[in-house]
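Subject: Structure handover

Hello,

Here is the structure we spoke about. Please open it first, then read my notes below.

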Amino acid sequence: MSPRMQPVISISNLSKRYASGFEALKGVDLDVRPGEIFALLGPNGAGKTTLISIVCGLVNRTGGEVLVDGLDIERDYRKVRSMIGLVPQELTTDTFETVWKTVTFSRGLFGRPANPDFVEKVLRTLSLWDKRNSKLMELSGGMKRRLMIAKALSHEPRILFLDEPTAGVDVELRRDMWEMVRGLKDSGVTIILTTHYIEEAEEMADRIGVINQGRIVLVEEKAELMRKLGRKELTLQLRDPIERIPESLAAHNLALSEAGDELTYVYDSQGDRTGITRLLKDIDAAGIGFSDLSTRQSTLEEIFVNLVREGR
Amino acid sequence: MNHRAIWAIYRQEMARAFRTLLQSIVSPVISTSLYFVVFGAAIGSRIEEIDGVSYGSFIVPGLIMLSLLTHSISNASFGIYFPRFTGTIYEILSAPVSYVEIVLAYVGAAATKSIILGLIILATAGLFVPLQIEHPVWMLLFLVLTAATFSLFGFIIGIWADGFEKLQLVPLLIITPLTFLGGSFYSIDMLPPAWRTVTLFNPVVYLVSGFRWSFFGASDVGMGVSLAMTVVFLALCMAVVAWMFRTGYRLRP
């Protein structure tokens, strides 16, 4: 197999049952390809964090296999964990430490020799250089988030896990963070992120996995997913408002806006027949004139909500 | 062996002590001085010599042991409990470090602090009473062994505790009484025979006794027994830690 093909993380039949009896993962199979940005989407309690925690060594698995670069996460934990950087969801920092010390600590913890130049580079990339001598309790929420990323990057990992990286981060900072993650990807780091924000997955991911109730519901190239499940909406602005949809158009399943000046038609953009030609002909025949028309692709969010709803 | 990780944790733990230098060093010096004023000068002057040693000097080893035990436990238990409490433990668990390395770093740092503390108290005591140390090597050995053993014990408490209350519970309810009743301030020979027998079930008696032997060459129980008891307790703690790590107890669910 070429290195491009061999998954950097290979999870098969992974299960986790907590002592409480809660089954967080029920036989998860998942491959992550080297160099990609993989987004794991799912509602609260779906098993996202448990999945990440098992790969990173925070939680013991109940069953199944997890290989990172072909190595078992338990048998070869040293090699495996040296490759991985983790940015957890919670902002947990040792409040009395300084930025510089805590990042240097992280590097040492992962067995890397001290390298002030590299630490400086990481801090500069994350706009934390000016704060290097500040105590962590003096940092804002956004800075703390960036600090957690700096800690995770301090040992030059090849794989980075970001658990809800932009939760509670303002819009501008979110953009910066995305920019940074793209930069990391360009440098060859594989990135796995979990998120609630569909926008985030849509914006960044190469592939998307949806997890719900401990099962992977779907894994797909983002573009493919959008294409496959993308429903389109056609909206017609009517020249003159109508009171109700004429009988002759009943077969098209149209929706009329409350003001009576807009007709909406939902269709599958990938279907053999979208029915648009027929619809427009019938509208013309019914004597309805329209002043404008627009189409809209459904967002990942809608796709996601539909998927999760189907899973129930 | 990931020696860089051990060093990183060890240094971080030591730095924590230096941040609270006042609490770490000044407070034991003050409390030791108070003990000497009360027990050594005020009360001690009315107590006759024990085994040919003035009462003021007699209580020095017990006093050091008292601080050594309580500080070893509180240092080590806090050291591992705090990252669990704040959540920063995630980084340790996700790092390429073995359990042995984690123990070496945390327990090593806690024991180091206790040993430094013990030596500070010893030096402070020297200001108040004449000191003689007959077997300095044994004295250091007992100091190190006790600090290591009870730091390990504290580490166990720090993993077991699921609240700050529990963290205080064991030192407060078990260790302090055992130390006070373990012959820190008296020779167990001074007790009535029945109580003397009861006291022999108190492990602290052996620690204090052995330590005192290294100072004065005389003790309540044999030095060999003291050493053996300490080693047994150390082995017991190691077994518990090994079990905790094997099962992921409270660290890796």
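Helices (H or I, at least four residues) and strands (E, at least two) are DSSP runs, numbered from the N terminus. On that basis, chain A has 10 helices and 14 strands.

Some ground rules. This is a predicted model: local features need pLDDT of at least 70, side-chain atom pairs count only at pLDDT 80 or more, and totals for chains, interfaces and linings use all residues. Residues are numbered from 1 along each chain as its sequence is written, while chains are lettered from A and ligands numbered from 1 in the order in which they are written.

Chain A overall

The radius of gyration of chain A is 24 Å, whereas a compact globule of 312 residues would have one near 20 Å. That radius is taken over C-alpha atoms, and the globule rule is 2.2 Å times the number of residues to the power 0.38. Along the principal axes, the C-alpha atoms of chain A fill a box of roughly 80 × 45 × 45 Å. Of its 312 residues, 36% count as buried. The burial classes use C-beta atoms placed from the backbone: buried means 20 or more other C-beta atoms within 10 Å of the residue's own, exposed means 12 or fewer, and partly exposed is in between.

Contacts mean C-beta atoms, placed from the backbone, within 7 Å. Of the contacts in chain A with a separation of 6 or more, 71% are between residues 24 or more positions apart.

One residue in chain A: A:Asp72 sits in strand E5 (residues 71-72). A:Asp72 is partly exposed because 13 other C-beta atoms lie within 10 Å. Its C-alpha atom is 9.8 Å from that of A:Val55, 17 residues apart along the chain.

Helix packing in chain A

H3(A) and helix H4 (residues 116-125) of chain A cross at roughly 120 degrees, and their axes come within 11 Å. Axes are lines fitted to C-alpha atoms, for helices over the stretch in contact, and angles run from 0 to 180 degrees between N-to-C directions. H3(A) and H4(A) are therefore oblique to each other. The cut-offs: under 35 degrees is roughly parallel, over 145 roughly antiparallel, 65 to 115 roughly perpendicular, and the rest oblique. H3(A) supplies A:Val99, A:Val103, A:Thr104 and A:Arg107 to the contact, and H4(A) supplies A:Val119, A:Val122 and A:Leu123. By class, that is five nonpolar, one polar and one charged residues. Here Ala, Val, Leu, Ile, Met, Phe, Trp, Tyr, Cys and Pro count as nonpolar, Asp, Glu, Lys and Arg as charged, and the others, Gly among them, as polar.

Where the chains meet

In chain A, 27 residues are in contact with 21 residues of chain B. On the chain A side, helix H2 (77-83) and helix H3 (99-109) are the elements that give two or more residues. The chain A side divides into 13 nonpolar, eight polar and six charged residues.

Chain B

Helix H2 (residues 21-43) and helix H5 (residues 99-128) of chain B pack at about 40 degrees, with axes 9 Å apart. That angle makes H2(B) oblique to H5(B). The contact includes B:Phe36 and B:Gly40 of H2(B), and B:Leu117 and B:Phe128 of H5(B). In total it has nine nonpolar, five polar and one charged residues.

Finally, B:Met238 is in helix H10 (residues 223-247) of chain B. B:Met238 counts as partly exposed because it has 14 C-beta neighbours inside 10 Å. B:Met238 and B:Ser98 are 140 residues apart in sequence, yet 15 Å apart in space, C-alpha to C-alpha.

Best wishes

Note on methods: Two residues are in contact if their C-beta atoms, placed from the backbone, lie within 7 Å.
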